[in-house]
Amino acid sequence: MNPLRERVDALLKSLPALDWYVNPADVKRKSLDYHWFSPVLRRELEGKSADAIVRPRSAEELREIVSGCVRENLPLTMRGGGTGNYGQAVPLDGGIVIEMTACDQLLWLKHGVARAQAGIKLGVLDELLAPHGWELRCMPSTYRMATLGGLFCGGFGGIGSITYGPLSAPGTVLGIQLMTVEAEPRVIELRSPEAMQHAHTYGTNGIILELEIALAPAQEWDEYLITFRDAEAAFGCGQAVAQTPGIIKRETAFFEASVATYFKKLSPYIEAGDHAIIVVISSANRETLRALVNTAGGRIAFQQTAVAAKTTQHTLLEYCWNHTTLHALRGDKSLTYLQTTYGYGREREQLALVGRQVDGEVMNHIEFIRDERGRVICSGLPLVRFTSENRLRDIIALYRECGVGVKDPHVYILEEGTRHGAMSPAGLDAKRRFDPGGLLNPGKVRSH
Ligand SMILES: Cc1cc2nc3c(=O)[nH]c(=O)nc-3n(C[C@H](O)[C@H](O)[C@H](O)COP(=O)(O)OP(=O)(O)OC[C@H]3O[C@@H](n4cnc5c(N)ncnc54)[C@H](O)[C@@H]3O)c2cc1C
């Protein structure tokens, strides 16, 4: 076989009319994602890069690229907005990165269901839905940059998950269309639950072209930053908002005082030592929220309507989820983070148990969400003061010993993220059928 570079050049030569990026700076930029949140991944993925980037403008162009990659036996890695945190979109073996952001059409919308191309940005999609009275059920805090396909293949959920659960909760993704990686690529339509074999598989078992998703009725959202002198009161108030079924909500998060200090732009509203919660609720529930805050002894430190947030481009949503970590990293490069799930009803006990053993090393940031069974649970994105990789492993082990689930964000191999991780047999079967040559994102799945 010819060397990789020669095969890449042959592909470029055979498809000159496509939208290629071969300038080294562009190639480097579009080969990276946000894995640098992890000092471990930063070290392990150092220098990894594609040989060329291509941005197909249609399914037909994509078909030509895929067919060409199979002919030349070239690795290909899919990319949406490139905001993933685990190096999912970083090519380990060079080859071609296919950026999907030009395949960005909302195809149809009816009866609370939308079908869109995978490369559409989530914020754009949400705005297109709004005039029709609908919005996305859940989206990451990176909604301005992240794509629908990237969320499906690499993400979890986020804003909205307090009401609708993670994206994987049955009932939200109704179907997908994918392209196989074969000399003659096939386009295949899958309905859920079969479609969900492709969720969160890092684009290793098919190229997602379109997604059909169920929507939520659009709301007039109000954003609140509420502060408390007492951490327990802050957590309790957040949990009460999360658990009150009559409060229509899109976001509820708790931040220990040490975390809230990293919210520089919000610092005029947060007094030293204050713990904080951010809640985004329907304007209809204004008075209900005030009553809960009064009872808990909190103070509404800042509030704005979603319209004001849009006008100023400053939304409290971009302090939640992994945006919290981003703010903290801007303030202190020695920090990193974990992703934890507390046992239902055991949150306080487990937080206290871990807290006693990692005092000062870990700072709590909790996202309240609904799990797939509809229960309000706590999902943590604690900030961790990084000292060494061994200590980070010890802290992960400690959480697990306390019964807290950890999805390890310091590994790039899919199955290593969870303690007993493995791709499902059906997911593996899909990989064999739809990517028989193993060209998709090689190195990210161990068990095929
Ligand atoms: C500051 C910050 C905050 C974040 N907050 C959240 C959050 O709230 N919730 C959350 O879930 N995540 C969050 N993330 C992670 C990430 O932003 C989301 O998961 C996002 O949805 C990824 O979308 P993307 O388009 O950027 O995907 P990319 O990073 O481009 O890709 C993600 C994975 O999907 C694959 N892929 C992309 N498109 C396709 C396709 N069409 N077909 C096949 N495979 C494809 C890629 O190969 C890659 O493996 C956050 C990240 C950062 C940096």
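**A tour from the ligand to the sheet**

Select G81 and the ligand: a polar backbone atom of G81 is 2.7 Å from an oxygen atom of the ligand, a polar contact being a pair of N or O atoms within 3.5 Å. This is a predicted model, in which local features need pLDDT of at least 70 and side-chain atom pairs count only at pLDDT 80 or more, while totals for chains, interfaces and linings use all residues. Residues are numbered from 1 along each chain as its sequence is written, and side-chain values use heavy atoms, with hydrogens and water left out.

Next, select Q88. One of its backbone N or O atoms lies 3.2 Å from an oxygen atom of the ligand. Then go to G157, where a polar backbone atom is 2.7 Å from a nitrogen atom of the ligand. The ligand taken alone exposes 970 Å², and the protein buries 97% of that (Shrake-Rupley areas, 1.4 Å probe).

Now show the 37 residues around the ligand; M78, G80, T83, T142 and T147 come nearest. A residue is near if one of its heavy atoms lies within 4 Å. α6 gives the largest share of this shell, 5 residues. Helices are DSSP runs of H or I with at least four residues, and strands are runs of E with at least two, numbered from the N terminus.

Finally, select the open sheet of 4 strands, with the order β1-β2-β4-β3 and mixed pairing. β1 (20-21) and β3 (76-79) each have a single partner strand, so one side of each has no neighbour in the sheet. Strands pair if DSSP finds at least two bridges between them. β3 runs parallel to β4 (residues 96-99), joined by 4 bridges. Here R79 stands opposite E99 in β4.

Key. A polar contact is a pair of N or O atoms within 3.5 Å; within protein, one must be able to donate a hydrogen and the other to accept it, and residues adjacent in sequence count only if both atoms are side-chain atoms.
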